[in-house]
Amino acid sequence: ASQLATQLRGCKKASFWMLWPCEWSGADTAEDAGYIQKSALFAAMRACEVAGIRSSFPHPADLYELITSKLWMVTLSSEPRACLPAAILVGREDVVSDSKLAARQALASLNRLTRGGPARSGHISQGVVKLGWSWEASCVSHFSGEEELSACMDAMLVLHNCDARTCIVQEWVDFDIELRLFFLLPADWQLDRHMLPAWTEYNTWEHDASRCWPG
């Protein structure tokens with residue numbers, strides 16, 4: 001990183017990281033292009049930042065790690081004002097030791113969380129299991145009931161090359177769309193000037209049975 005910094009001769013130094021942190025290794029197929037093991041990515045970003053190269057896209061390393069880890073979904077889910085689905089972390093050791101017991105305890109924990117979220121009416125029995133660093137519905141599985149939750153967690157955390165230490169168990173919320181907004185201000189933009197979308201794209205997700213992920 002320090003050598004790279006000395007080679008940049010502009011008055012301002014910045015980096016764009018067009019990579020996706022993940023919790024598995026050995027990504028060697030065309031569909032895995034752009035994925036990189038999370039610890040390697042964030043170590044590289046922080047090394048560059050220490051050397052004076054600012055992370056301009058997508059975010060500085062600390063913020064990017066917090067957002068993509070999805071841990072904020074868990075820590076804020078007990079706060080009614082956050083309006084988030086109930087979510088908890090389940091450790092890999094607990095699943096490996098006894099996945100059925102881990103599933104039973106996970107559902108009990110979900111149902112103990114403070115009510116007030118968008119879908120919290122009655123007993124929680126279905127939801128999703130996901131890795132923190134999951135992208136485009138990969139490493140995300142739907143479950144209904146304790147038995148399916150046990151099987152999903154077991155499959156999720158013992159996948160080949162998966163090095164995740166925890167998974168997120170989250171209650172199910174019906175949804176119609178997922179909105180992503182990329183907000184790039186023009187250099188001449190004024191506060192009183194309205195902006196219209198410059199580009200929009202709509203797509204759908206479909207399950208690919210050839211992929212090794214359970215979701």
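**View 1. Cysteine sulfurs in a structure with zero disulfides.** A disulfide is defined here as a pair of cysteine sulfur atoms within 2.5 Å. The model is predicted: local features need pLDDT of at least 70 and side-chain atom pairs count only at pLDDT 80 or more, while totals for chains, interfaces and linings use all residues. Residues are numbered from 1 along each chain as its sequence is written, and side-chain values use heavy atoms, with hydrogens and water left out. For Cys-139, the closest cysteine sulfur belongs to Cys-162 at 6.7 Å, which is too far for a bond. For Cys-167, the closest cysteine sulfur is again in Cys-162, at 9.4 Å, also too far for a bond. Cys-139 is buried, at a relative accessible area of 0%, and Cys-167 is likewise buried, at 0%. Buried means under 20% relative accessible area, exposed means over 50%, and partly exposed lies in between (1.4 Å probe, protein chains only).

**View 2. Salt bridge between Arg-46 and Asp-62.** A salt bridge requires a side-chain nitrogen of Lys or Arg within 4 Å of a carboxyl oxygen of Asp or Glu. By this rule the count is six salt bridges. In the pair shown, the N to O distance is 2.8 Å. Arg-46 belongs to helix H2 (residues 38-50) and Asp-62 to helix H3 (residues 61-69), so the link joins distant parts of the chain, 16 residues apart. Helices (H or I, at least four residues) and strands (E, at least two) are DSSP runs, numbered from the N terminus. Asp-62 is exposed, with a relative accessible area of 53%, whereas Arg-46 is partly exposed at 29%.

**View 3. Salt bridge between Glu-65 and Arg-46.** The N to O distance in this pair is 2.5 Å. Glu-65 is in helix H3 and Arg-46 in helix H2, so the contact ties together parts 19 residues apart in sequence. Glu-65 counts as partly exposed, at 25% relative accessibility.

**View 4. Salt bridge between Arg-104 and Glu-146.** The closest N and O atoms of this pair are 3.3 Å apart. Because Arg-104 lies in helix H6 (residues 99-112) and Glu-146 in helix H7 (residues 146-157), the pair ties together parts 42 residues apart in sequence. Both side chains belong to partly exposed residues: Arg-104 has a relative accessible area of 43%, and Glu-146 one of 32%.

**View 5. Network of Arg-46, Asp-62 and Glu-65.** Salt bridges with shared partners join these residues into one network.
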